Amino acid sequence: MIPEKFIKYAALGAMGVAPGAFGLYALLLLRLRPTPTGGMPGNGGGFDQTGWLALAAAMIVPVVLIAAWHVDLGRQLKAGKNSCPGV
């Protein structure tokens, strides 16, 4: 259980996870972008365009779920103790 004096900070931190998750997603997509010679023999590896698009689609699902869960948690914490179901 979170002490009463830290609930405001916990809500703020939970709301801050969402933009951080999307920022990390963008940085990973930038870092793993396709190489100019992706898939060519002797290029030393790298993603081609199809693999990169599949990776981008697969990575967005957990990022959106994590961000949505933290936004919901932040809203519940911000509303107060009585708004949380089961508490």
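Me: What do the buried residues of helix 1 pack against in this model?
Reply: They pack against helix 2 (49-79), where contact means heavy atoms within 4.5 Å. This is a predicted model, in which local features need pLDDT of at least 70, side-chain atom pairs count only at pLDDT 80 or more, and totals for chains, interfaces and linings use all residues. Residues are numbered from 1 along each chain as its sequence is written, and side-chain values use heavy atoms, with hydrogens and water left out.

Me: Which residues of helix 1 are buried?
Reply: Ile7, Ala11, Ala14, Ala18, Ala21, Tyr25 and Leu29. Buried means under 20% relative accessible area, exposed over 50%, and partly exposed in between (1.4 Å probe, protein chains only).

Me: Which residues of helix 2 are buried?
Reply: Trp52, Ala56, Met59, Val63, Ala67, His70, Gly74 and Leu77 are the buried ones. Helix 1 is included in what covers them. Over the protein chain, 18% of the 87 residues count as buried.

Me: What makes up the largest nonpolar core?
Reply: Seven residues: Ala21, Tyr25, Leu29, Trp52, Ala56, Met59 and Val63. Helix 1 and helix 2 are the elements that give two or more residues to this core, and helix 2 provides the largest share, four residues. A nonpolar core is a set of buried Ala, Val, Leu, Ile, Met, Phe, Trp, Tyr and Cys residues joined through side-chain atoms within 4.5 Å.

Me: Which residues does Met59 touch?
Reply: Met59 touches Tyr25, Leu28 and Leu29, leaving aside residues up to four places away in sequence.

Me: How do you know what span helix 2 should have?
Reply: The expected span is 1.5 Å times one less than the number of residues. Helix 2 has 31 residues and should therefore span 45 Å; its end C-alpha atoms are 45 Å apart, so the two agree. Helix 1, with 25 residues, reaches 36 Å from its first C-alpha to its last, close to the expected 36 Å. Just after helix 2, Gly80 has a positive phi of about 115°.

Me: How many helices and strands does the protein chain have?
Reply: Two helices and zero strands, taken as DSSP runs numbered from the N terminus (helices H or I, at least four residues; strands E, at least two).

Me: Why is Tyr9 called exposed?
Reply: The relative accessible area of Tyr9 is 55%, so the residue is classed as exposed. Tyr9 is found in helix 1 (residues 7-31).
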